[in-house]
Amino acid sequence: VVSTQSTGSSGINAEYGDEHRSSRAAEGGEDRVGQHGRSNTIKKSMNRFTPYVKSGAEDFILGKDKEQVSESDIITIVSPNNLDLCWQPNQIISVSITEPVKKQKFKGMKSFMSYHITPNTTNLTVERRYKQFDWFHDRLEEKFPCLIIPPLPEKAVVGKYQQSFIEQRREKLEQWLNRIGRHPIISNCSVTSHFLTCQDEKEWKDGKRRAESDKTSRSGFFMTVECRGPLPDQLSSESYVGSFHSFSKKMESVCDKTCQA
């Protein structure tokens, strides 16, 4: 996101275009000239299991993702006071979940709970089971690798059809959906709209396939982020980053001491 704020997706494409790539790309790295004329090499991380690699950030920085991004997929960052950066505000979605119903399939061989979901954007009710919530959560984690997606309430091994558990899960799922609905980016993405509004079974399956093959997920997410309008100046940005770094170090120390206590 920091790289995108500095250049925008078009600037990044230009910076890492073929005319600027060197033979280092074949060796898993990129050669770039630093401020003082020295060559700085960006190499692949040796640890292939870090969030930096798994999120696709490495491929984005190395310029390996060249997907074209449509205007409808652009995620906008704004700077309201020329210092702070935030997501472009969007409509907040509030959701209510009512009438959990126990249903069966395969002639009664399998049972599950179905929840009635009504978003304020349509006031139309759709039915979803926990398995579909789980799918929705996984898609959000893939689509937004840099955002914190709140966890779903845990699955139950026993007692999942007891009335007290059903009501508790309904409340937690409703809280979870409303947290999603308050986020300016997640609440307005295509997969959220699909989950909250799709009523036809065939359309649901088609939407699932589109979401699972979404090219703007993982590393493609970084290509969709643009900062429009005035950017903070470099000195202010460095001061801001330095303050956050100092804060995060102190927070880490406090957390370590809390865990030890």
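**View 1. Crossing of helices α6 and α7 in the predicted model.** Helix α6 and helix α7 cross with a left-handed sense. Residues 190–197 form α6 and residues 201–212 form α7; their axes come within 10 Å and cross at roughly 160°. Angles over 145 degrees count as roughly antiparallel, and α6 and α7 are therefore roughly antiparallel to each other.

**View 2. Residues in the contact of α6 with α7.** On the α6 side, the contact is made by V191, H194 and F195. Helix α7 contributes E203, W204, G207, K208 and A211. By class, this contact has 4 nonpolar, 2 polar and 2 charged residues.

**View 3. The open sheet β4-β3-β8.** The sheet has 3 strands, arranged in the order β4-β3-β8, and its pairing is mixed. Strands β4 (86–87) and β8 (225–227) are the edge strands, each pairing on one side only. Strands of a sheet pair through backbone hydrogen bonds, in either a parallel or an antiparallel arrangement.

**View 4. Pairing of β3 with β8.** Strand β3 spans residues 75–78 and pairs with β8 in the parallel sense. The pairing of β3 and β8 runs over 3 bridges. Opposite I77 stands C227, a residue of β8.

**View 5. Positive phi at E99 in strand β5.** E99 has a phi near 50°, a positive value in a residue other than glycine. Most residues other than glycine have a negative phi. The strand that holds E99 is β5, residues 95–105. E99 counts as exposed because its relative accessibility is 53%, and the cut-off for exposed is over 50%.

**View 6. Positive phi at R218 in the loop between α7 and α8.** R218 is not a glycine, yet its phi is positive, at about 50°. The residue lies in the loop between α7 and α8, the latter formed by residues 219–224. With a relative accessible area of 41%, R218 is partly exposed.

View 7. Of the 261 residues in the chain, 36% are buried. Among contacts in the chain with a separation of 6 or more, 58% are accounted for by residues 24 or more positions apart.

How values were computed. Residues numbered from 1 in each chain as written. Predicted model: local features only at pLDDT ≥ 70, side-chain atom pairs only at ≥ 80, totals over all residues. Heavy atoms only, no water. Pairing = 2+ DSSP bridges. Helix = DSSP H or I, 4+ residues; strand = E, 2+ residues; numbered from the N terminus. Axes fitted to C-alpha atoms, helices over the stretch in contact; angles between N-to-C directions. Parallel < 35°, antiparallel > 145°, perpendicular 65-115°, else oblique. Left-handed = near helix turned anticlockwise from the far one by under 90°. Contact = heavy atoms within 4.5 Å. Nonpolar A, V, L, I, M, F, W, Y, C, P; charged D, E, K, R; others polar. Buried < 20%, exposed > 50% of the residue type's maximum accessible area, 1.4 Å probe, protein only.
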